[in-house]
Amino acid sequence: MKEETSNNSRRKFLKSFGISVGAAGVVSSFSLIGAAKAAAKKPAEMVNLLTQDGQLVQVDKNQLRPTVNEPLDELQKRGREGIPGKSFVMVIDLSKCRNARKCMDACQNHHQLRADQHHINVLQMQDAEHTAPYFMPKPCQHCDNPPCTKVCPVDATFKRQDGIVLIDNERCIGCRFCIAACPYSARIFQWTEPKDAEKYKDLTYNIEANVPQKKGTVSKCLFSADRLREDKLPSCVSACPNGVYYFGDQNEDAVTNGTTGETVRFSKLIEENAGYTLMEELGTKPRVYYLPPKNRAFEFNGDLLNEENLH
Amino acid sequence: MNDLPKQKETNLSFEKIKKDILHPMQNHKGLELWIVFLITVISVCGWAYYIQLKDGLGVTGMRDYVSWGLYIANFVFFVAVSLVGMLISSILGLLRIDWITPISRIAEIIAVAFVAVAGLVIVLDMGRPDRVLNVMIHGRFQSPILWDVTVITTYLTVSALLLILPMIPDLAICKKELTKASPIMKKLYNILSLGYINTPAQHKHLHKMIRTLMVLIVPIGLAIHTVTSWLFAATLRNGWDTTIFGPYFVAGAFVAGSAALIIAMYFFRVNYKLQDYITDLQFDKMGKLLVAVCLVYLYFNLNEFLVPGYKMKTGDDIHLKELFYGNWAIMFWASQLLGNIIPIILLVNKKFRKPLPIMIISLFVLAGAWFKRYVIVIPTMLHPHLPIQNVPENFVHYYPSAIEISVTVLSFALVLLIITVLSKIFPVVPIVETAESKGIEVKIEA
């Protein structure tokens, strides 16, 4: 429930942001030439608009265009730049994960995904035949040596200065090379019209949340880059009821637990709990760290590993 | 001509050669019907593509895990077959092997048709074909896709030149002889023949140009298939993450291309009644060539499957067991046995290198080559490093949908249409080169 309200306020924010910037754009692009041309035509309905410097001006209604370009450009620009001075990291404590899947729900809500589309997926793992199984939430690893961005032919997926790997679905051509290249299966593709496409079709594209999703393009976990800009934790981190996730800035050497709100030293957390990264041998240098599923807070129900229950 | 070989024993004259080769181009009734049929197929299957455009790639069998399917396998196959142009007309041509003279043009036609449609197949596979120009606008040269786009367009250009340039003397003949041709065709022959009248200077220049292109196309040809293999080898997936993919793909391409050429040779020989030109000798030699390239390919297969099969690392273990005796075993072993090993055993016998038997064997080799590409692309995608969970049942398997199959049929029909049209407007056997190779004097009037 909490998630829904925060989602609504975000949408409201986006909407009001779009309108205000849009209006400013219209006013500033109201040029003399345009005015002269409009005057030559028959007088049309006029509307009053407030300019950025506080003047009230009248504009021919025919001159009004719903400008989505300016806010989109702005969102694209800052989305590609990232947040200066940050170096985001996530720590996932496997000993705490009980497969509650609140992270998955919150994520799908935030990024307008269907129930079978996962930016984050809680996998049931068993490393070898006789080792103990465990639950492993798997978001995008936001690798520092990302195999996916390397192969993108159009720079639609890229690595930002703050460590986040983003995807620009305004540019993606849908070749799906990045999906083939990702060893963590972290990427999904919009094979059909995305969920609620009709509802969101007028929403300005926000690269930092990758919404609205677009048919024929790739999507993936973004560490909720739009929420980070508002100093909030990623959706999955905030939604976890079991204290599985820590998220923070490696430059500050501090990560915050999304459930308890407790902030701890990143280096100490990793050091004391034998933190590791997934498939280190591939050289991808993930920004997501795992703490081993030692002293699990629950009994693993062996039945869950049955193939039948997984689909 | 000062370098003419001595007149060999032959019952052919220049007039007869011209007549034999030009006659079927204008007097083949079935050809028009065949073209109408192909256009019908393309239109019907075009409808399938329209549905895909409208509803998205969700109408295919592909999903998040198998995100490359039939289209990409088919793309690799098309690029592979197109490599025959480089093998026959340049590698063997540069070695001055003379039996290729009557079949080199067919090889170039195949190369042009397959590589042109391969480029198109990639667009058919795109989620956003409307953004195809982004590859030019925002192209990143770090991506193997950019390398592929570059080498495929270059190979198409050079192959087209290698089709047209050696044909200039023949086009000069077409201009004179094909009196019944439509005005557009006459104009085309006139333009493309570039006023060639076979003076010694023209002859020298032309052959210099052709030889330069023949040298140029060797690295380009190697590059197209090597780069295509890197689309896979540049990833970290089990089954693709191997170092021999480049030469492995090139060797496989020679197998597919040679088989396609033998099939085309057979159909042109029978339909265009070219028994005096595409003779048993050409089939016999192509049979030996096919054995040679199959053996090289077999060697690469041994390396590709036995070495990881000996070690059985975790990821390879799942992948290889699926291929050797799992869900993919029938397709895998059929492509290895029917598409490679059995053809080698048969074709070392002279009697199987006669036109009809070798054509039938080549059909198996070509089909095997197609399924081999399918086995290379899809099983790997089904075995990612991390388990496939929490997704619908159809994400775990891959079956091409009817739409996907129709669009693939479209690409095949388009290849056949290009080959048919090219063979209708251009002489499929080089007239002048054939005469020269037999020591017959060539006369081209202005």
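Reader: How many bridges join E10(A) to strand E11 of chain A, and do they run parallel or antiparallel?

Author: Four bridges join E10(A) to E11(A), residues 254-257, and the two run antiparallel. Two strands pair if DSSP finds at least two bridges between them. Four bridges join these two, so they count as paired. Strands (E, at least two residues) and helices (H or I, at least four) are DSSP runs, numbered from the N terminus.

A word on the source. This is a predicted model: local features need pLDDT of at least 70, side-chain atom pairs count only at pLDDT 80 or more, and totals for chains, interfaces and linings use all residues. Residues are numbered from 1 along each chain as its sequence is written, while chains are lettered from A and ligands numbered from 1 in the order in which they are written.

Reader: What pairs with E10(A) in the antiparallel sense over five bridges?

Author: Strand E3 of chain A, residues 88-93, does. A:Ile92 stands opposite A:Tyr245 in E10(A).

Reader: What makes E12(A) and E13(A) stand at the edges?

Author: Start with the order. The open sheet has five strands, E12-E11-E10-E3-E13 of chain A, with mixed pairing. E12 (263-265) and E13 (288-291) each have a single partner strand, so one side of each is left without a neighbour in the sheet. Neighbouring strands of this sheet are turned by 25° against each other on average, direction ignored.

Reader: How do you know that strand E10 of chain A is mostly covered?

Author: Count its buried residues: four of the five in 245-249 are buried. Buried means that 20 or more other C-beta atoms lie within 10 Å of a residue's own; exposed means 12 or fewer, partly exposed is in between, and C-beta atoms are placed from the backbone. Over the 311 residues of chain A, 41% count as buried. In helix H4 of chain A (residues 102-110), the buried residues include A:Cys103, A:Met104 and A:His110. Just after H4(A), A:Gln112 takes a positive phi of about 55°.

Reader: Why does B:Val428 count as buried?

Author: B:Val428 has 25 C-beta neighbours inside 10 Å, so it counts as buried. The cut-off is 20 or more. B:Val428 lies in the loop between helix H16 (402-425) and helix H17 (431-437) of chain B.

Reader: Which residues is B:Val428 in contact with, leaving aside its neighbours within four places in sequence?

Author: They are B:Arg105, B:Ile106, B:Phe268, B:Tyr272 and B:Ser423. Contact means that the C-beta atoms, placed from the backbone, lie within 7 Å.

Reader: How many residues of chain B are in contact with chain A?

Author: There are 37, and they are in contact with 38 residues of chain A. The largest share of this side of chain B, three residues, comes from H7(B). By class, the side has 17 nonpolar, 13 polar and seven charged residues. Ala, Val, Leu, Ile, Met, Phe, Trp, Tyr, Cys and Pro count as nonpolar, Asp, Glu, Lys and Arg as charged, and the others, Gly among them, as polar.

Reader: Where in chain B is confidence lowest, and where highest?

Author: Helix H1 of chain B (residues 14-26) is lowest, at a mean of 86, and helix H3 of chain B (residues 70-82) is highest, at 97. These values are pLDDT, the predictor's confidence in each residue, from 0 to 100. Over residues 1-7 of chain B the pLDDT is below 50. Chain B averages 92, and 98% of the residues score at least 70. For the complex, the predictor gives an ipTM of 0.91 and a pTM of 0.87.

Terms used:
Two residues are in contact if their C-beta atoms, placed from the backbone, lie within 7 Å. Axes are lines fitted to C-alpha atoms, for helices over the stretch in contact, and angles run from 0 to 180 degrees between N-to-C directions.
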